[in-house]
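Subject: Structure for you to look at

Hello,

Here is the structure I promised to pass on. Please open it beside this email and follow along.

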Amino acid sequence: MKLRGDQLKTFRKNKGLSQKQLAQGICTQATISLIEKNNKVPGMTILAQLCARLGISLAQILVDENQVLTDVFTTIDRLILQKQYDAATDQLNNIGIKQLQSRYDKQRYYYFLGMLQLEQNKDYDEALFNFELVLQQFPVADDDIYQIMTTIAVGTAWFYKDDSNQAKKFANQASELLQVNVSINDARQLIASYVSLAQLYQLFDDTGTTLELVNHALELCRHNETLFLLDEVYLKLANCYFAMGQVETAKANWQIAASVATINEHTDLAEQIKQQLLKLN
(Lines give C-alpha, C1' and ligand atoms only; values in the text may rest on other atoms or scores of the structure.)
Protein backbone atom coordinates (compact mmCIF):
# COMPACT_ATOMS: atom_id res chain seq x y z
CA MET A 1 0.00 0.00 0.00
CA LYS A 2 1.08 3.58 -0.66
CA LEU A 3 0.33 6.60 1.51
CA ARG A 4 -1.14 9.63 -0.26
CA GLY A 5 0.30 12.51 1.74
CA ASP A 6 -1.29 15.03 -0.58
CA GLN A 7 -4.71 13.59 0.25
CA LEU A 8 -4.07 13.88 3.98
CA LYS A 9 -3.02 17.50 3.45
CA THR A 10 -6.27 18.21 1.58
CA PHE A 11 -8.38 16.67 4.36
CA ARG A 12 -6.41 18.63 7.00
CA LYS A 13 -6.98 21.94 5.20
CA ASN A 14 -10.66 21.15 4.68
CA LYS A 15 -10.89 20.76 8.46
CA GLY A 16 -9.18 24.11 8.93
CA LEU A 17 -6.32 22.56 10.94
CA SER A 18 -2.66 23.52 10.87
CA GLN A 19 0.00 20.79 10.90
CA LYS A 20 0.65 21.60 14.55
CA GLN A 21 -3.03 21.30 15.47
CA LEU A 22 -3.39 17.97 13.68
CA ALA A 23 -0.28 16.58 15.35
CA GLN A 24 -1.15 17.72 18.89
CA GLY A 25 -1.08 14.78 21.31
CA ILE A 26 -0.43 12.27 18.53
CA CYS A 27 2.95 13.03 16.93
CA THR A 28 5.22 15.94 16.04
CA GLN A 29 4.55 18.62 13.45
CA ALA A 30 7.66 17.35 11.61
CA THR A 31 5.97 13.96 11.23
CA ILE A 32 2.95 15.58 9.59
CA SER A 33 5.28 17.46 7.25
CA LEU A 34 7.04 14.22 6.26
CA ILE A 35 3.71 12.54 5.61
CA GLU A 36 2.44 15.36 3.40
CA LYS A 37 5.64 16.06 1.49
CA ASN A 38 7.32 12.64 1.26
CA ASN A 39 4.46 10.17 1.83
CA LYS A 40 6.38 8.94 4.89
CA VAL A 41 4.36 6.37 6.86
CA PRO A 42 4.82 7.06 10.62
CA GLY A 43 3.25 3.81 11.77
CA MET A 44 -0.31 2.53 11.51
CA THR A 45 -1.23 3.52 15.08
CA ILE A 46 -0.31 7.16 14.51
CA LEU A 47 -1.91 7.12 11.07
CA ALA A 48 -5.17 5.72 12.49
CA GLN A 49 -5.25 8.43 15.18
CA LEU A 50 -4.67 11.16 12.57
CA CYS A 51 -7.48 9.77 10.43
CA ALA A 52 -9.80 9.67 13.44
CA ARG A 53 -9.07 13.33 14.17
CA LEU A 54 -9.82 14.21 10.53
CA GLY A 55 -12.95 12.06 10.47
CA ILE A 56 -11.75 9.95 7.56
CA SER A 57 -10.89 6.29 7.03
CA LEU A 58 -7.46 4.85 6.35
CA ALA A 59 -8.72 3.74 2.94
CA GLN A 60 -9.10 7.39 1.93
CA ILE A 61 -5.36 8.06 2.17
CA LEU A 62 -3.94 4.59 1.44
CA VAL A 63 -4.00 3.28 -2.11
CA ASP A 64 -2.86 0.10 -3.83
CA GLU A 65 0.61 0.82 -5.25
CA ASN A 66 -0.13 -1.26 -8.34
CA GLN A 67 -3.16 0.93 -9.03
CA VAL A 68 -1.03 4.06 -8.63
CA LEU A 69 1.43 2.72 -11.20
CA THR A 70 -1.40 1.80 -13.57
CA ASP A 71 -2.79 5.33 -13.26
CA VAL A 72 0.64 6.80 -14.09
CA PHE A 73 0.98 4.55 -17.14
CA THR A 74 -2.53 5.55 -18.26
CA THR A 75 -1.52 9.22 -17.98
CA ILE A 76 1.69 8.61 -19.95
CA ASP A 77 -0.25 6.81 -22.67
CA ARG A 78 -2.67 9.73 -22.98
CA LEU A 79 0.14 12.31 -23.06
CA ILE A 80 2.01 10.44 -25.81
CA LEU A 81 -1.16 10.19 -27.92
CA GLN A 82 -1.59 13.95 -27.45
CA LYS A 83 2.09 14.46 -28.44
CA GLN A 84 2.83 16.06 -25.05
CA TYR A 85 6.20 14.35 -24.90
CA ASP A 86 7.85 16.54 -22.25
CA ALA A 87 5.00 15.92 -19.81
CA ALA A 88 5.07 12.19 -20.59
CA THR A 89 8.83 12.11 -19.96
CA ASP A 90 8.37 13.82 -16.60
CA GLN A 91 5.80 11.20 -15.59
CA LEU A 92 8.02 8.32 -16.73
CA ASN A 93 11.04 9.74 -14.90
CA ASN A 94 9.05 9.63 -11.65
CA ILE A 95 8.81 5.84 -11.86
CA GLY A 96 11.61 4.03 -10.06
CA ILE A 97 12.88 0.74 -11.49
CA LYS A 98 12.14 -0.93 -8.12
CA GLN A 99 8.46 -0.10 -8.59
CA LEU A 100 8.34 -2.40 -11.62
CA GLN A 101 7.37 -5.60 -9.83
CA SER A 102 5.63 -7.60 -12.56
CA ARG A 103 6.50 -8.45 -16.16
CA TYR A 104 3.48 -6.37 -17.17
CA ASP A 105 4.88 -3.31 -15.35
CA LYS A 106 8.23 -3.74 -17.09
CA GLN A 107 6.57 -4.30 -20.44
CA ARG A 108 4.63 -1.04 -20.21
CA TYR A 109 7.60 0.91 -18.88
CA TYR A 110 9.95 -0.08 -21.70
CA TYR A 111 7.24 0.37 -24.32
CA PHE A 112 6.66 3.97 -23.24
CA LEU A 113 10.40 4.60 -22.95
CA GLY A 114 10.81 3.34 -26.50
CA MET A 115 7.93 5.47 -27.76
CA LEU A 116 9.45 8.63 -26.28
CA GLN A 117 12.82 7.80 -27.85
CA LEU A 118 11.05 7.19 -31.16
CA GLU A 119 8.74 10.20 -31.22
CA GLN A 120 10.54 12.81 -29.12
CA ASN A 121 14.26 12.07 -29.33
CA LYS A 122 14.29 10.44 -32.79
CA ASP A 123 16.80 7.97 -31.37
CA TYR A 124 15.68 4.98 -33.41
CA ASP A 125 18.40 2.57 -32.28
CA GLU A 126 17.65 3.20 -28.61
CA ALA A 127 13.92 2.90 -29.31
CA LEU A 128 14.45 -0.47 -31.03
CA PHE A 129 16.53 -1.67 -28.07
CA ASN A 130 13.69 -0.97 -25.64
CA PHE A 131 11.04 -2.38 -27.97
CA GLU A 132 13.12 -5.56 -28.20
CA LEU A 133 12.98 -5.83 -24.40
CA VAL A 134 9.19 -5.65 -24.57
CA LEU A 135 8.90 -8.30 -27.27
CA GLN A 136 11.57 -10.73 -26.10
CA GLN A 137 12.23 -10.33 -22.37
CA PHE A 138 8.92 -9.12 -20.94
CA PRO A 139 6.18 -10.68 -23.07
CA VAL A 140 2.94 -11.26 -21.18
CA ALA A 141 0.80 -13.05 -23.76
CA ASP A 142 0.62 -13.29 -27.51
CA ASP A 143 -2.71 -11.48 -27.53
CA ASP A 144 -1.52 -8.64 -25.29
CA ILE A 145 -2.20 -5.22 -26.77
CA TYR A 146 1.28 -3.96 -25.87
CA GLN A 147 2.82 -6.72 -28.00
CA ILE A 148 0.78 -5.43 -30.93
CA MET A 149 1.53 -1.74 -30.29
CA THR A 150 5.23 -2.50 -29.86
CA THR A 151 5.31 -4.46 -33.12
CA ILE A 152 3.80 -1.43 -34.91
CA ALA A 153 6.34 0.88 -33.23
CA VAL A 154 9.23 -1.39 -34.31
CA GLY A 155 8.02 -1.18 -37.91
CA THR A 156 7.84 2.61 -37.65
CA ALA A 157 11.38 2.81 -36.23
CA TRP A 158 12.74 0.64 -39.08
CA PHE A 159 10.97 2.87 -41.62
CA TYR A 160 12.70 5.94 -40.21
CA LYS A 161 15.99 4.03 -40.34
CA ASP A 162 15.35 3.69 -44.11
CA ASP A 163 14.86 -0.07 -43.99
CA SER A 164 11.49 -0.53 -45.72
CA ASN A 165 11.79 -4.31 -45.84
CA GLN A 166 12.10 -4.61 -42.06
CA ALA A 167 9.40 -1.98 -41.59
CA LYS A 168 6.94 -3.90 -43.81
CA LYS A 169 7.82 -7.18 -42.09
CA PHE A 170 6.77 -5.83 -38.68
CA ALA A 171 3.76 -4.00 -40.13
CA ASN A 172 2.52 -7.27 -41.60
CA GLN A 173 3.12 -9.06 -38.28
CA ALA A 174 1.10 -6.40 -36.46
CA SER A 175 -1.70 -6.68 -39.02
CA GLU A 176 -1.86 -10.45 -38.48
CA LEU A 177 -1.91 -10.01 -34.70
CA LEU A 178 -4.80 -7.55 -34.97
CA GLN A 179 -6.79 -9.96 -37.14
CA VAL A 180 -6.28 -12.80 -34.67
CA ASN A 181 -6.93 -10.77 -31.53
CA VAL A 182 -10.11 -8.91 -32.39
CA SER A 183 -11.53 -9.62 -28.91
CA ILE A 184 -9.11 -7.36 -26.99
CA ASN A 185 -11.17 -5.60 -24.31
CA ASP A 186 -9.46 -2.20 -24.27
CA ALA A 187 -11.26 -0.40 -27.11
CA ARG A 188 -9.15 2.76 -26.85
CA GLN A 189 -5.86 0.92 -27.24
CA LEU A 190 -7.30 -1.18 -30.04
CA ILE A 191 -8.41 1.98 -31.86
CA ALA A 192 -4.97 3.52 -31.29
CA SER A 193 -3.34 0.39 -32.72
CA TYR A 194 -5.40 0.52 -35.91
CA VAL A 195 -4.67 4.25 -36.30
CA SER A 196 -0.92 3.77 -35.73
CA LEU A 197 -0.75 0.86 -38.15
CA ALA A 198 -2.71 2.85 -40.74
CA GLN A 199 -0.16 5.65 -40.32
CA LEU A 200 2.65 3.18 -41.00
CA TYR A 201 1.01 1.81 -44.16
CA GLN A 202 0.41 5.39 -45.24
CA LEU A 203 4.17 5.90 -45.04
CA PHE A 204 4.48 2.95 -47.46
CA ASP A 205 2.01 4.74 -49.83
CA ASP A 206 -0.25 1.69 -49.48
CA THR A 207 -3.57 3.52 -49.70
CA GLY A 208 -5.70 0.37 -49.93
CA THR A 209 -4.42 -1.18 -46.69
CA THR A 210 -4.47 2.22 -44.96
CA LEU A 211 -8.13 2.71 -45.88
CA GLU A 212 -9.03 -0.79 -44.66
CA LEU A 213 -7.34 -0.20 -41.28
CA VAL A 214 -8.88 3.25 -40.83
CA ASN A 215 -12.35 1.86 -41.54
CA HIS A 216 -11.74 -0.75 -38.82
CA ALA A 217 -10.87 2.08 -36.42
CA LEU A 218 -13.98 4.02 -37.45
CA GLU A 219 -16.16 0.97 -36.86
CA LEU A 220 -14.67 0.57 -33.38
CA CYS A 221 -15.30 4.25 -32.57
CA ARG A 222 -18.92 3.91 -33.63
CA HIS A 223 -19.45 0.60 -31.83
CA ASN A 224 -18.02 2.01 -28.57
CA GLU A 225 -19.67 5.43 -29.06
CA THR A 226 -16.40 7.24 -28.47
CA LEU A 227 -14.73 10.33 -29.92
CA PHE A 228 -11.33 8.91 -28.96
CA LEU A 229 -8.94 9.53 -31.91
CA LEU A 230 -11.97 10.02 -34.16
CA ASP A 231 -10.44 13.22 -35.55
CA GLU A 232 -7.30 11.26 -36.52
CA VAL A 233 -9.48 8.58 -38.09
CA TYR A 234 -11.36 11.04 -40.31
CA LEU A 235 -8.10 12.83 -41.16
CA LYS A 236 -6.60 9.59 -42.43
CA LEU A 237 -9.79 8.75 -44.30
CA ALA A 238 -9.57 12.14 -46.02
CA ASN A 239 -5.93 11.56 -46.92
CA CYS A 240 -6.81 8.19 -48.45
CA TYR A 241 -9.65 9.60 -50.56
CA PHE A 242 -7.45 12.49 -51.68
CA ALA A 243 -4.72 10.03 -52.72
CA MET A 244 -7.36 8.15 -54.76
CA GLY A 245 -8.41 11.36 -56.50
CA GLN A 246 -11.78 11.62 -54.72
CA VAL A 247 -11.29 15.28 -53.75
CA GLU A 248 -14.85 16.15 -52.71
CA THR A 249 -15.10 13.07 -50.46
CA ALA A 250 -11.71 13.99 -49.01
CA LYS A 251 -12.92 17.53 -48.27
CA ALA A 252 -16.03 16.22 -46.51
CA ASN A 253 -13.92 13.97 -44.28
CA TRP A 254 -11.42 16.76 -43.54
CA GLN A 255 -14.33 18.96 -42.43
CA ILE A 256 -15.58 16.22 -40.09
CA ALA A 257 -12.03 15.74 -38.79
CA ALA A 258 -11.70 19.48 -38.07
CA SER A 259 -15.04 19.55 -36.22
CA VAL A 260 -14.19 16.51 -34.08
CA ALA A 261 -10.71 17.93 -33.36
CA THR A 262 -12.35 21.13 -32.10
CA ILE A 263 -14.72 19.13 -29.87
CA ASN A 264 -11.77 17.08 -28.56
CA GLU A 265 -9.86 20.35 -27.92
CA HIS A 266 -7.08 19.24 -30.28
CA THR A 267 -6.60 22.82 -31.42
CA ASP A 268 -3.32 22.29 -33.31
CA LEU A 269 -4.82 19.46 -35.35
CA ALA A 270 -8.01 21.44 -36.03
CA GLU A 271 -5.97 24.40 -37.27
CA GLN A 272 -3.76 22.15 -39.42
CA ILE A 273 -6.83 20.66 -41.13
CA LYS A 274 -8.47 24.06 -41.66
CA GLN A 275 -5.30 25.36 -43.34
CA GLN A 276 -5.30 22.29 -45.60
CA LEU A 277 -8.91 22.98 -46.60
CA LEU A 278 -8.12 26.63 -47.33
CA LYS A 279 -5.33 25.60 -49.70
CA LEU A 280 -7.68 23.25 -51.56
CA ASN A 281 -10.37 25.91 -51.86
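Below is what I found, from the whole chain down to single residues.

Keep in mind that this is a predicted model.

**The whole chain**

Start with the fold. The protein chain has 15 helices and two strands. Its radius of gyration is 24 Å, while the globule rule gives 19 Å for 281 residues, so the chain is more spread out than a compact globule. The C-alpha trace spans about 80 × 45 × 35 Å along its principal axes.

Of the 281 residues, 44% count as buried.

Then look at who touches whom. Take the contacts between residues at least 6 apart in sequence: 56% of these join residues at least 24 apart.

Charges come next. The chain has 26 positive and 32 negative charges, and their mean positions lie 12 Å apart.

**Salt bridges**

How many salt bridges are there? The count comes to six. Here are three of them.

Arg12 pairs with Glu36, with 2.6 Å between the closest N and O atoms. Arg12 is in helix H1 (residues 5–14) and Glu36 is in helix H3 (residues 29–38), so this pair ties together parts that are 24 residues apart in sequence. Are these two side chains buried or exposed? Arg12 has 7% relative accessibility and counts as buried. Glu36 is buried too, at 9%.

Asp125 and Lys161 also meet in a salt bridge, at 2.7 Å from N to O. Asp125 sits in helix H8 (residues 124–137), and Lys161 sits in the loop between helix H9 (145–160) and helix H10 (164–180), so the pair ties together parts that are 36 residues apart in sequence. Lys161 is partly exposed, with a relative accessible area of 31%.

Lys251 and Glu248 form another salt bridge, at 3.8 Å from N to O. Both lie in helix H14 (residues 247–263). They are three residues apart, about one turn of the helix. Their surroundings are worth checking. Lys251 is buried, with a relative accessible area of 16%. Glu248 counts as exposed, at 56% relative accessibility.

**Around helix H3**

Go back to H3, the helix that holds Glu36. Which of its residues are buried? They are Thr31, Ile32, Ser33, Ile35 and Glu36. What covers them? The cover includes strand S1 (2–3), H1, helix H2 (19–23) and helix H4 (44–54). H1 is also where Arg12 lies, the salt-bridge partner of Glu36. Now step just past the end of H3. There, Asn39 takes a positive phi of about 55°.

**Phe170**

Last stop: Phe170, in helix H10. At 13% relative accessibility, Phe170 counts as buried. Which residues does it contact, leaving aside its neighbours within four places in sequence? Phe170 is in contact with Thr151, Val154, Gly155 and Trp158. The C-alpha atoms of Phe170 and Ile152 are separated by 6.5 Å, though the two residues are 18 apart along the chain.

Start with Arg12 and Glu36, then move on to Phe170 in H10.

Best wishes

Key: Residues numbered from 1 in each chain as written. Predicted model: local features only at pLDDT ≥ 70, side-chain atom pairs only at ≥ 80, totals over all residues. Heavy atoms only, no water. Helix = DSSP H or I, 4+ residues; strand = E, 2+ residues; numbered from the N terminus. Rg over C-alpha atoms; globule rule 2.2 N^0.38 Å. Buried < 20%, exposed > 50% of the residue type's maximum accessible area, 1.4 Å probe, protein only. Contact = heavy atoms within 4.5 Å. Lys, Arg positive; Asp, Glu negative; His and termini not counted. Charge placed at Lys NZ, Arg CZ, Asp CG, Glu CD. Salt bridge = Lys/Arg side-chain N within 4 Å of Asp/Glu carboxyl O.
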